[in-house]
Amino acid sequence: MQLGKKQPKTPLEISNITIEPIDSTTVRINWNTNKETLGGVYLVEQDKETLIQESPQQRSKSHSVTIGGLPPGPDYVFEIGAEFYGADGFTEEYSHKRVTFRMP
């Protein structure tokens with residue numbers, strides 16, 4: 001490490017996304033982040049994103065939400081979002097990934 005040079009910041013990453021059907025209308029979505037974050041899942045329909053579930057209001061690297069009331073058949077596009085907060089309490093980084101899932 002050289003003195004006076006800042007080390008490059010590791011970008012916020014979302015990984016290991018899994019979607020598990022629990023029953024015919026309910027899924028559990030799990031994902032990991034490389035930093036302790038707050039997260040949420042959005043349902044993407046046409047040009048609209050609707051927050052449908054937030055992970056518990058505790059920063060974590062491992063996230064899981066359960067979403068019910070999804071009718072079988074159509075493809076669902078979920079956007080997984082993660083927010084990393086700096087020491088001042090403000091959002092320092094945001095990352096998101098979209099995944100498509102068809103209810104069985």
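**Exercise 1. Determine which residues threonine 37 touches, leaving aside its neighbours within four places in sequence, and whether threonine 37 is buried or exposed.**

Solution. Step 1: In this predicted model, the contacts of threonine 37, apart from neighbours within four places in sequence, are Leu12, Gln58, Arg59, Ser60, His63, Ala82, Glu83 and Phe84.

Step 1: Threonine 37 belongs to strand β2.

Step 2: The relative accessible area of threonine 37 is 0%. A residue counts as buried under 20%, so threonine 37 is buried.

Step 3: Between the C-alpha atoms of threonine 37 and serine 55, which are 18 residues apart along the chain, the separation is 9.7 Å.

**Exercise 2. State how many helices and strands the protein has, and describe the protein as a whole.**

Solution. Step 1: The protein has zero helices and six strands. Read from the N terminus on, its elements follow the order β-β-β-β-β-β.

Step 1: A box of roughly 60 × 25 × 25 Å, taken along the principal axes, holds the C-alpha atoms.

Step 2: The protein has 104 residues, and 35% of them are buried. Its accessible surface amounts to about 6,800 Å², with 49% belonging to carbon and sulfur atoms.

Step 3: Consider the contacts between residues at least 6 apart in sequence: 56% of these join residues at least 24 apart.

Step 4: For the charges, the mean position of the 11 positive ones and that of the 14 negative ones lie 7 Å apart.

**Exercise 3. Describe how strands β1 and β2 are arranged, and find the residue that stands opposite aspartate 23.**

Solution. Step 1: Strand β1 covers residues 14-23 and strand β2 covers residues 26-45; seven bridges pair them in the antiparallel sense.

Step 1: The two strands make a hairpin, with two residues between them.

Step 2: Opposite aspartate 23 stands threonine 26, a residue of β2.

Step 3: Threonine 26 has a relative accessibility of 13% and therefore counts as buried. Beyond its neighbours within four places in sequence, threonine 26 is in contact with Glu20, Pro21, Thr66, Ile67, Gly68 and Met103.

**Exercise 4. Trace the partners of strand β5 and state how many of its residues are buried.**

Solution. Step 1: β5 runs antiparallel to β2, and seven bridges join the two. Within this pairing, valine 41 has isoleucine 80 of β5 opposite it.

Step 1: β5 also runs antiparallel to β6, through 11 bridges. Here tyrosine 85 stands opposite threonine 91 in β6.

Step 2: β5 and β6 form a hairpin with five residues between them, and glycine 89 in the turn has a positive phi of about 90°.

Step 3: β5 is mostly covered, as eight of its 11 residues are buried.

Step 4: Serine 95 provides an example from β6. Its relative accessibility is 14%, so serine 95 counts as buried. Setting aside neighbours within four places in sequence, serine 95 touches Leu12, Ile14, Ile80, Gly81 and Ala82.

**Exercise 5. Identify which residues of the largest nonpolar core touch the most other members, and which elements contribute two or more residues.**

Solution. Step 1: The largest nonpolar core has 19 residues, and those touching the most other members are Val27, Ile29, Val41, Ile67 and Phe78.

Step 1: Two or more residues of this core come from each of β1, β2, β4 (60-67), β5 (75-85) and β6 (91-102).

Step 2: Apart from neighbours within four places in sequence, isoleucine 19 is in contact with Val27, Arg28, Ile29, Phe78, Val99 and Phe101.

Notes: Residues are numbered from 1 along each chain as its sequence is written. This is a predicted model: local features need pLDDT of at least 70, side-chain atom pairs count only at pLDDT 80 or more; totals for chains, interfaces and linings use all residues. Side-chain values use heavy atoms; hydrogens and water are left out. Two strands pair if DSSP finds at least two bridges between them. Helices (H or I, at least four residues) and strands (E, at least two) are DSSP runs, numbered from the N terminus. A nonpolar core is a set of buried Ala, Val, Leu, Ile, Met, Phe, Trp, Tyr and Cys residues joined through side-chain atoms within 4.5 Å. Buried means under 20% relative accessible area, exposed over 50%, partly exposed in between (1.4 Å probe, protein chains only). Contact means heavy atoms within 4.5 Å. Accessible areas come from the Shrake-Rupley method with a 1.4 Å probe; for residues, only the protein chains shown count as cover. Lys and Arg count as positive and Asp and Glu as negative; His and the chain ends are not counted. The place of a charge is taken as NZ of Lys, CZ of Arg, CG of Asp or CD of Glu.
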